[in-house]
Amino acid sequence: MRPGRPWRAGLRALGVVGLSWFGIVASGTSGVAAELKYAFDTRAVIARQGFGGLAGGIACPELVPPLTDMSGMFTFYKPDPTRSVVDRAAMTRYVARVRPTDALGKVLFDLGENYVRSAFARREAGLCIVSQLRSWAEADALLGNLDQNDPIGRRQAILVGIWTSVGAANAFAIASSGGDLPHRDVAAVEAWFTRLSDAIVDDFTPPKQRRPNHLMWLDGTFNQSYWAAAAVGAMAVLTQDREKFDWAMRELHRALQKVNGDGSLPHEIGRGGRTLHYHSFALEPLALLVAIADANNVQLTPAEEASLQRAARFTAANFADPRKLAAQVGYPQSRTDDMAAWMDILDGHFQRTAPELARELDSIAAPHRPFARDFIGIDVTTMFVTRRSTP
């Protein structure tokens, strides 16, 4: 059994905390690493919201058949300098190809909601979550035939794994908060998370041999690498993998060091009609990484904090009124409510570091709440915003 969750969760249930693998009290003890903490605290959310729910349990939904074959993956964008013009036929084929991941996300989201909102369904919901995830773990889902792709297809296959694993990690964190799950299920899921993390880190580590010029962008620091780090960081906390956690934090620091002076993101400002979309899409994993950093006392430098605030102001202002950005980039910008979800993830951080900015984001986000994101498996507003009850 790997050092970590099953026995540690049991000890927490008994009120014993701060133990290392060797049984030494880690809290305040020199030379012993503290236990990594998740981006949100499910038990605190439940206590804060006071959810009770209706009496009665739930029945586990049918297991979602795992997506195992990742060969022949493809992009859904037309060959365009902005990499933002969707090929509708390719998008239709892509949606069909990854349908199991969307189905899993919806199931995990609903189960997580049941867990958080109903004391009477909590036990069953946690067991259902881990049962779903174990079926994917035992099938080695999202990892089969990755090398049967060209470089672009392989990256897309890895991205499917990244986005799926963020939601899986969030659901597993919710289910694990009670500390009463079958040890075999937990071990299987954690081992799968480790394999997924290994594949992600490998794909986002520049190869020893330089890529051709037209593929150099794969090694850039932009929304894809942010999502990679968010997925690896979340799974690292759940598996107590300090090395992978540090890898994710390095990506956070790199990302913040590259924010432009006006708050725009270098790789996203050239995305044509999807510039606002991709800024919002990039801020979501950055916000998750900041939440993980905050939970584990990883400090941003003053320059990094300033960069984060610039990026938040730029993206929020253009979400509130996309016309200026449309004029700047020469393309009209589309906007949907869920593009503001990152604002709620950063709410607690900015309440501490930039209260005025926190109030600005709150006023922009308020008309669009709640942000129920089955894409990442959680109601962001419920799990991250502490100043108010969920509408």
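**Figure 1. Phe 172 and Phe 193 in the predicted model, both buried.** This model is predicted, not determined by experiment. The two residues belong to separate helices: Phe 172 lies in helix 6, and Phe 193 lies in helix 7, which covers residues 183-203. They are 21 residues apart, and their pair links distant parts of the chain. The ring centres are 5.7 Å apart and the planes stand at 85 degrees, so the pair is edge-to-face.

**Figure 2. The tilted aromatic pair of Phe 76 and Tyr 94.** A pair of aromatic rings is described by the distance of the centres and the angle of the planes. For Phe 76 and Tyr 94 the distance is 4.9 Å centre to centre, with 55 degrees between the planes. Phe 76 sits in the loop between helix 2 (42-49) and helix 3, while Tyr 94 is part of helix 3. Phe 76 has a relative accessible area of 11% and counts as buried because the limit is under 20%. Tyr 94, at 8%, is buried as well.

**Figure 3. A cluster of aromatic residues joined by ring pairs.** The cluster contains Phe 74, Phe 76, Tyr 77, Tyr 94, Trp 163, Trp 227, Tyr 278, Phe 281 and Phe 375. In the whole structure, a search finds 15 aromatic pairs.

**Figure 4. The largest pocket and its lining of 49 residues.** How much space lies in the largest pocket? The volume is about 1300 Å³. Phe 76, Trp 163, His 277, Phe 281 and Phe 375 are the lining residues that lie nearest the centre of this pocket. At least two lining residues come from each of helix 3 (88-97), helix 4 (99-117), helix 6 (151-176), helix 8 (223-239), helix 10 (275-295) and helix 13 (341-345). Which helix supplies the largest share of the lining? Helix 6 does, with nine residues. Sorted by class, the lining of the largest pocket has 23 nonpolar residues, 13 polar residues and 13 charged residues.

**Figure 5. The largest cavity, with a volume of about 50 Å³.** The model has three cavities of 30 Å³ or more. The largest cavity is lined by Tyr 38, Ala 39, Val 166, Asn 170, Ala 230, Ala 234, Leu 288 and Ile 292. Helix 6, helix 8 and helix 10 are the elements that give two or more residues to this lining. By class, seven of the lining residues of the largest cavity are nonpolar and one is polar, with no charged residues.

**Figure 6. Two arginines placed over phenylalanine rings.** The charged end of Arg 155 is over the ring of Phe 204, at 3.9 Å from the ring centre. Arg 335 lies over the face of Phe 319, and here the distance to the ring centre is 4.7 Å.

**Figure 7. The whole chain, with 16 helices and two strands.** The chain has 391 residues, and 54% of them count as buried. What share of the contacts with a separation of 6 or more comes from residues 24 or more positions apart? In this chain the share is 77%.

Definitions and conventions: Residues are numbered from 1 along each chain as its sequence is written. This is a predicted model: local features need pLDDT of at least 70, side-chain atom pairs count only at pLDDT 80 or more; totals for chains, interfaces and linings use all residues. Side-chain values use heavy atoms; hydrogens and water are left out. On a 1 Å grid over the protein atoms alone, a cavity is a set of points where a 1.4 Å probe fits but cannot get out, and a pocket is an open set with protein on both sides within 12 Å along at least five of seven lines; lining residues have an atom within 4 Å of a point. Grid points are joined across faces, edges and corners, and a volume is the space filled by probe spheres set on the points. Helices (H or I, at least four residues) and strands (E, at least two) are DSSP runs, numbered from the N terminus. Ala, Val, Leu, Ile, Met, Phe, Trp, Tyr, Cys and Pro count as nonpolar, Asp, Glu, Lys and Arg as charged, and the others, Gly among them, as polar. Rings of Phe, Tyr and Trp (its six-membered ring) pair if their centres lie within 6.5 Å; planes under 30 degrees apart count as stacked, over 60 as edge-to-face and the rest as tilted. Buried means under 20% relative accessible area, exposed over 50%, partly exposed in between (1.4 Å probe, protein chains only). A charge sits over a ring if NZ of Lys or CZ of Arg is within 6 Å of the ring centre and within 35 degrees of the ring normal. Contact means heavy atoms within 4.5 Å.
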